[in-house]
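I opened my notebook to look around a ligand site and the helix beside my notes on it. Come and read along!

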Amino acid sequence: MSPSTSPSGSSSASLLSLRDVHVRFNTAAGVVRAVSGVSLDLAVGETLGLVGESGCGKSTLGKAIMKLVPAAAGEIRVEGIDIAPLGRAELTDMRRKVQMIFQDPYGSLNPRSTVGRSVAQPMVLAGWKPDAIAARLETLLGWVGLPSEAKQRFPHEFSGGQRQRIGIARALALGPKLIICDEPVSALDVSVRAQVINLLEDLKTEFGVSYLFISHDLSVVEHIADRVAVMYLGTLVEVGGRDQIWRTPQHPYTKALLAAAPIANPKIARMRQRTVLQGELPSPLNPPAGCPFHSRCPIAQDRCRSERPELRPVSNGAQAACHFV
Ligand SMILES: Nc1ncnc2c1ncn2[C@@H]1O[C@H](COP(=O)(O)OP(=O)(O)O)[C@@H](O)[C@H]1O
Ligand code: SF4
Ligand SMILES: [Mg+2]
């Protein structure tokens with residue numbers, strides 16, 4: 001846990017602050033409640049892991065922070081500035097501070113643009129002079145471990161791991177304070193994953209950049225996160241320090257997620273209770289009343305079907321949203 005983070009998860013130097021954020025999508029089938037009341041803080045220099053099953057709203061939350069999708073309610077502040085009323089120019093400024101990298105950088109890199117043009121694009125848009133762009137391009141490629149010749153080549157000429165490095169170089173172009181990493185290694189071979197994660201960790205040490213690191217795979221977050229937020233059906237069910245979550249998970253959903261994850265450390269494996277997650281993830285088109293987890297919770301009681309539990313401090317210093325923790 002970073003020194004500026006209090007046990008409740010709020011922080012003195014908050015880079016990102018979310019208060020009761022909701023995101024909804026109107027679809028032909030009805031209103032999809034992708035994010036339903038998320039409050040969270042991320043401190044300067046911190047890596048916060050955001051984990052949960054596919055479809056629980058992780059990417060939508062990331063996009064809402066970038067203002068790529070609108071928040072229906074709640075407040076998102078970057079360095080204390082509410083992003084909701086920002087106009088075009090201010091938003092461009094905000095996006096210098098906050099960048100996003102995706103699972104498949106191929107999707108975000110123009111296949112017909114050279115790597116040099118793609119990585120330079122944010123600097124061009126920001127009005128940098130050609131000389132400054134050329135110099136910065138060399139620096140960026142060096143930081144992410146790509147040779148200078150890479151800039152004349154096209155994305156398809158690179159491996160998945162190298163493409164992710166290209167995406168990271170572009171994200172770093174304007175010196176961001178926060179990078180939202182949305183499943184950045186999920187599409188990569190296991191052997192390449194560690195290299196990309198090590199690169200992200202090195203960049204953090206070097207530049208003090210913070211990460212919101214999104215992954216459906218807990219084992220990926222275990223190595224990089226200072227704190228972890230566990231998401232279920234658009235809500236946060238547990239937030240705590242990495243070791244609190246790994247060694248003493250409190251929420252039944254966190255326990256179930258961890259039970260499904262491989263554990264390298266036998267000491268931690270013994271401390272862990274085994275819970276098997278039953279049933280399907282309910283649809284965010286029609287989320288259950290009360291506790292969102294009640295339809296799958298092994299210890300659910302009547303109260304859980306009507307009363308929604310709030311995230312509150314629990315005995316190990318983390319926060320959990322459960323009536324019976
Ligand atoms: N543009 C969209 N229109 C309609 N529904 C969407 C849209 N984007 C995401 N969703 C839905 O919102 C929910 C959360 O999706 P997402 O944020 O992608 O989850 P995750 O990243 O955790 O897998 C899912 O049910 C998904 O189908
Ligand atoms: S509030 Fe009830 S249903 Fe929800 S996690 Fe706790 S015990 Fe389970
Ligand atoms: Mg996603």
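Before starting, I wrote down one cut-off: a residue counts as buried when its relative accessible area is under 20%. I also noted that this is a predicted model.

**Entry 1: the helix α1.** I looked up which residues of α1 are buried, and found Lys58, Thr60, Leu61, Gly62, Ala64 and Ile65. That makes six of the eight residues of α1, so this helix is largely enclosed by the rest of the structure. I then stepped just past α1 and found Lys67 with a positive phi of about 60°.

**Entry 2: who surrounds ligand 1?** I found 13 residues around ligand 1, and the closest are Gly55, Gly57, Lys58, Ser59 and Thr60. Sorting the shell by type gave me five nonpolar, six polar and two charged residues.

**Entry 3: where the shell comes from.** I saw that β1 (14–27), β2 (30–43) and α1 (58–65) each supply at least two residues of the shell.

**Entry 4: polar contacts.** I checked the distances to oxygen atoms of ligand 1. A polar backbone atom of Gly55 is 2.6 Å from an oxygen atom of the ligand. For Lys58, an N or O atom in the side chain is 2.8 Å from a ligand oxygen atom. Ser59 also has a polar side-chain atom 2.8 Å from an oxygen atom of ligand 1. Last, I looked up the cover: on its own ligand 1 has 560 Å² of accessible area, and the protein covers 63% of that.

Note on methods:
Residues are numbered from 1 along each chain as its sequence is written. Chains are lettered from A and ligands numbered from 1 in the order in which they are written. This is a predicted model: local features need pLDDT of at least 70, side-chain atom pairs count only at pLDDT 80 or more; totals for chains, interfaces and linings use all residues. Side-chain values use heavy atoms; hydrogens and water are left out. A residue is near a molecule or strand if one of its heavy atoms lies within 4 Å of it. A polar contact is a pair of N or O atoms within 3.5 Å; within protein, one must be able to donate a hydrogen and the other to accept it, and residues adjacent in sequence count only if both atoms are side-chain atoms. Accessible areas come from the Shrake-Rupley method with a 1.4 Å probe; for residues, only the protein chains shown count as cover. Helices (H or I, at least four residues) and strands (E, at least two) are DSSP runs, numbered from the N terminus. Ala, Val, Leu, Ile, Met, Phe, Trp, Tyr, Cys and Pro count as nonpolar, Asp, Glu, Lys and Arg as charged, and the others, Gly among them, as polar. Buried means under 20% relative accessible area, exposed over 50%, partly exposed in between (1.4 Å probe, protein chains only).
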